[in-house]
Amino acid sequence: MFSRKKTFSTKQQGARFEQYARLFLESQGLHFVAANQNFKCGELDLIMLDGETLVFVEVRQRKNDLFGSAVESVDWHKQQKWQNAANLWLMQQGQSLEDADCRFDLVAFGQSPKDIEWIPNFLD
């Protein structure tokens with residue numbers, strides 16, 4: 001009988017690491033609000049609450065650094081899409097980036113869920 005390592009699609013892999021990020025952030029005291037909020041301009045992976053502060057979380061994972069690290073993959077273009085999606089989500093809540101208590105955090109993974117880096121206020 002053949003033994004094959006289970007492979008996941010990119011979407012499945014992303015969902016797994018978003019779940020790892022959520023569990024990690026909850027262990028740090030944050031509370032889950034929403035996940036996978038899609039807009040034409042982009043997607044919000046996770047929305048969490050840290051006390052009264054809304055936290056828009058981008059989750060990135062890289063198997064290796066051949067094309068840059070997970071942190072380096074969040075370029076200026078991605079940051080703009082992230083902010084635009086957050087603003088649209090806030091508008092649905094009757095708020096905006098200008099008046100909401102919010103921040104943008106990055107949770108970056110290496111090859112495994114144990115290789116995690118949490119960067120609060122990534123866009124500051």
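Which residues is Trp-82 in contact with, leaving aside its neighbours within four places in sequence? In this predicted model, the contacts of Trp-82 beyond those neighbours are Leu-44, Phe-56, Val-57, Glu-58, Val-74, Phe-104, Asp-105, Leu-106, Phe-122 and Leu-123. Two of these partners, Glu-58 and Asp-105, also take part in salt bridges described below.

Trp-82 belongs to the largest nonpolar core, which has 17 residues. Leu-44, Ile-47, Phe-56, Trp-82, Trp-89 and Leu-90 are the members with the most contacts inside this core. Two or more residues each are given to the core by β1 (31-39), β2 (42-50), β3 (53-61), α2 (76-92) and β4 (102-109). Helix α2 provides the largest share, five residues. Another core, of 11 residues, lies apart from this one, and its members include Met-48, Val-55, Val-57 and Phe-109.

Charged residues were examined next. Side chains of opposite charge can pair when their charged atoms come close. The count of salt bridges in the model comes to five. One of the residues concerned, Lys-78, is located in helix α2. Lys-78 counts as buried because its relative accessibility is 13%, which is under the 20% cut-off. Beyond its neighbours within four places in sequence, Lys-78 is in contact with Glu-43, Glu-58 and Arg-60. With Glu-58, the side chain of Lys-78 forms a salt bridge at an N to O distance of 3.5 Å. Glu-58 is in strand β3 and Lys-78 in helix α2, so this pair ties together parts that are 20 residues apart in sequence. Both partners, Lys-78 and Glu-58, are buried.

Glu-58 also forms a salt bridge with Arg-60, in which the closest N and O atoms are 3.2 Å apart. Arg-60 is buried, as is Glu-58. Glu-58 therefore has a buried partner in helix α2, namely Lys-78, and is itself among the contacts of Trp-82.

A further salt bridge joins the side chains of Arg-103 and Asp-105, with an N to O distance of 2.8 Å. Arg-103 has a relative accessibility of 12% and therefore counts as buried. For Asp-105 the value is 0%, so Asp-105 also counts as buried. Through salt bridges that share partners, Asp-50, Arg-103 and Asp-105 are joined into one network. Asp-105, like Glu-58, is in contact with Trp-82.

Key. Residues numbered from 1 in each chain as written. Predicted model: local features only at pLDDT ≥ 70, side-chain atom pairs only at ≥ 80, totals over all residues. Heavy atoms only, no water. Core = buried A, V, L, I, M, F, W, Y, C linked by side-chain atoms within 4.5 Å. Buried < 20%, exposed > 50% of the residue type's maximum accessible area, 1.4 Å probe, protein only. Helix = DSSP H or I, 4+ residues; strand = E, 2+ residues; numbered from the N terminus. Contact = heavy atoms within 4.5 Å. Salt bridge = Lys/Arg side-chain N within 4 Å of Asp/Glu carboxyl O.
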